Amino acid sequence: MRPINIGLTDRQRKGVIELLNQDIADLYLLLVKTKKYHWDVVGPQFRTLHELWEEHYTSLTESIDECAERVRALGGYPIGTVEGFLQLSSIKEHPGDVPSANQMVERLMNDHEQIIRNLRGHVNRCSEEFDDEGTADFLTGMMEDHEEMAWMLRSFLGGESVSGDGAGRESSVSEQMPTGVR
């Protein structure tokens, strides 16, 4: 195959490919989790969550494909085994349990936020360490997609504490206002 001459050194391309493969691993595990929760959710919010998660796993599938194609465009090969996904992913599985609907939402929200943090770091590294503004831009768009998905999940919880500390719901705006302003 002809050498790639796109203004990035082999070292730069390989560094970016490693980052993208980490992202693919995270996306795949989040896809599997989202799909599993889509199947397992029960309760009064079944339809809402079932449909939301179908939208999310459809979007995740597209992101995985785009990420893999970016790896190929840079001359690499995308990771493509479950073993590889598990080795590279920062997302953790929860085998053997079926959490409540709210716990599912919280776990997925936390996973999206983890991916957002990872992508933010990868954007910076692509730009600063590897001089690949194209991939930095690509990852910025992906990060924005995850920010929206995390926001939707946070909004679903509607003010309930997601810290797990038993503190209950967060105070409303009127509870935060001085007494004479209500």
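Glu-62 lies in helix α2, helices being DSSP runs of H or I with at least four residues, and strands runs of E with at least two, numbered from the N terminus. The model is predicted, and local features need pLDDT of at least 70, side-chain atom pairs pLDDT 80 or more, while totals for chains, interfaces and linings use all residues. Residues are numbered from 1 along each chain as its sequence is written, and side-chain values use heavy atoms, without hydrogens and water.

Glu-62 counts as partly exposed because its relative accessibility is 48% (buried, under 20% relative accessible area; exposed, over 50%; partly exposed, in between; 1.4 Å probe, protein chains only). Glu-62 belongs to a negative surface patch that also includes Asp-65, Glu-66, Glu-69 and Glu-128. Asp and Glu count as negative, and the charge is placed at CG of Asp or CD of Glu. Helices α2 (46-73) and α5 (133-157) each supply at least two residues of the patch; the largest share, 5 residues, comes from α5.

Asp-111, in helix α4 (residues 101-128), is buried, with a relative accessible area of 9%. Leaving aside residues up to four places away in sequence, Asp-111 touches Leu-30, Lys-33 and Ile-91, contact meaning heavy atoms within 4.5 Å.

The chain has 6 helices and 0 strands. Of its 182 residues, 37% are buried. Among contacts between residues at least 6 apart in sequence, 76% join residues at least 24 apart.

Note on methods. Patch = residues over 30% accessible without salt bridge, like charges linked within 9 Å, V, L, I, M, F, W, Y side chains within 5 Å. Areas by Shrake-Rupley, 256 points an atom, 1.4 Å probe, with all protein chains shown as cover. Salt bridge = Lys/Arg side-chain N within 4 Å of Asp/Glu carboxyl O.
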